[in-house]
Amino acid sequence: MGSYRPIALTCMTCKLMERIILRRITFPLMNRNMLPQEQYGFRMGHSTIDQILYFVQRVRDAHNMKPSRHNMAVFLDLTKAFDKVWKNKVLGKCFSEFDIKGRALPWLSDFMKNRSFRVRYQNSLSEIFKTYQGIPQGSVLSPTLFSLYLTGIERVISPCQIGIFAAYIIVWDHNLDLTKLENTLNGTLEKIQHFADEHKLAFNTTKSLNCLFTTNRHFVARIITGLRHSCPNGIACYEADLQPLSWRREINMANNVTFNEDLKGEIKHEEHPELLRQLALVIINNISPWALVIYIDGSKSDTGRTGSEIFMNTSTGEFRYRFRNPDHSSVIRSELAAISEALSLAFRL
């Protein structure tokens with residue numbers, strides 16, 4: 001086990017004092033707008049939804065440019081973030097960058113120093129261990145102290161953009177040239193790594209990944225096939241509405257599930273709808289009577305509400321199932337969600 005990372009169970013008197021100090025130091029920080037706008041974690045009126053909506057809107061803005069830009073993002077996760085906080089460094093930044101002086105600064109210094117802990121398991125207590133670095137998890141002051149400690153990383157990422165939520169960081173940029181885009185992000189990652197080394201922070205490589213967002217069909221294929229180990233299949237499958245049915249069949253692990261490839265998406269823009277209807281009826285009427293036919297649909301309203309519907313005609317009767325999807329999802333995402341749910345239900349029948 002690499003680290004127990006205990007949660008600080010402090011007394012009520014200590015928590016009350018922490019809240020007094022927290023209000024004392026956060027009021028001037030918020031009043032003078034000293035906290036970076038890119039940090040959405042541990043701040044009143046900010047949430048993960050706000051950060052996600054901002055990132056999604058920036059990607060859409062780049063796609064709506066003429067010509068459309070490619071977007072590449074890197075998702076980073078700081079490993080053991082609170083445990084790796086350098087106490088002297090955070091105290092120095094509190095004094096020099098955030099003008100925390102007077103009695104508050106020595107109180108913070110005494111609060112972080114000479115801390116010890118022990119582990120309790122059932123009725124047994126371990127020996128007492130001292131912590132020489134890091135800030136206690138579960139403490140009232142620790143989230144704000146960590147935000148102050150991480151401040152400055154947003155100034156080293158130019159010309160890219162950055163979003164921060166606690167110890168989770170996303171860096172992205174857009175460009176017409178994919179090679180220039182990759183070089184820009186690589187240079188930014190080197191700057192971020194230099195900042196992390198100066199602050200004795202480390203990134204979790206297993207939870208960090210990169211992803212490409214584009215409207216180009218060829219690059220969508222590259223995400224699904226070429227970057228499978230670095231880009232989650234879920235992102236590519238749900239957001240790439242040009243994914244061929246053959247790839248969709250290969251991803252599915254069930255050998256007895258087939259997708260009919262006679263109806264292709266390109267026909268919708270070239271043929272009359274009535275011809276499509278006749279072609280669909282011919283395919284449906286030629287289905288084996290022993291096959292389990294599944295009809296799925298994904299829809300999206302004008303207000304952004306999306307949903308999926310499944311219809312199956314089983315040996316025991318008709319089966320209908322409807323469910324909601326996250327708002328403002330794409331229609332193809334709702335359709336693929338319906339396919340996934342329909343297959344799960346079919347295997348349970």
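Among contacts in the protein chain between residues at least 6 apart in sequence, 61% link residues at least 24 apart. The model is predicted, and its protein chain contains 11 helices and 11 strands. Of the 349 residues in this chain, 36% count as buried.

The pairing of helix H3 (residues 87-96) with helix H4 (residues 104-112) was examined in detail. The axes of H3 and H4 come within 11 Å and cross at roughly 165 degrees. Because angles over 145 degrees count as roughly antiparallel, H3 is described as roughly antiparallel to H4. The crossing of the two helices is right-handed. On the H3 side, the contact is formed by Lys87, Val90, Leu91, Cys94 and Phe95, and H4 contributes Leu105, Leu108, Ser109 and Met112. By class, the residues of this contact comprise seven nonpolar, one polar and one charged.

Burial along H4 was considered next. The buried residues of H4 are Ala104, Leu105, Leu108, Ser109, Phe111 and Met112. Viewed down the axis of H4, these residues fall within an arc of 160 degrees and therefore line one face of the helix. In general, an α-helix has 3.6 residues a turn, so residues three or four places apart point the same way. The partners against which the buried residues of H4 pack are helix H1 (12-31), H3, strand S2 (115-117) and helix H5 (142-150). Just after H4, Asn114 adopts a positive phi of about 55 degrees.

Terms used. Residues numbered from 1 in each chain as written. Predicted model: local features only at pLDDT ≥ 70, side-chain atom pairs only at ≥ 80, totals over all residues. Heavy atoms only, no water. Axes fitted to C-alpha atoms, helices over the stretch in contact; angles between N-to-C directions. Helix = DSSP H or I, 4+ residues; strand = E, 2+ residues; numbered from the N terminus. Parallel < 35°, antiparallel > 145°, perpendicular 65-115°, else oblique. Left-handed = near helix turned anticlockwise from the far one by under 90°. Contact = heavy atoms within 4.5 Å. Nonpolar A, V, L, I, M, F, W, Y, C, P; charged D, E, K, R; others polar. Buried < 20%, exposed > 50% of the residue type's maximum accessible area, 1.4 Å probe, protein only. Arc of directions from axis to C-beta.
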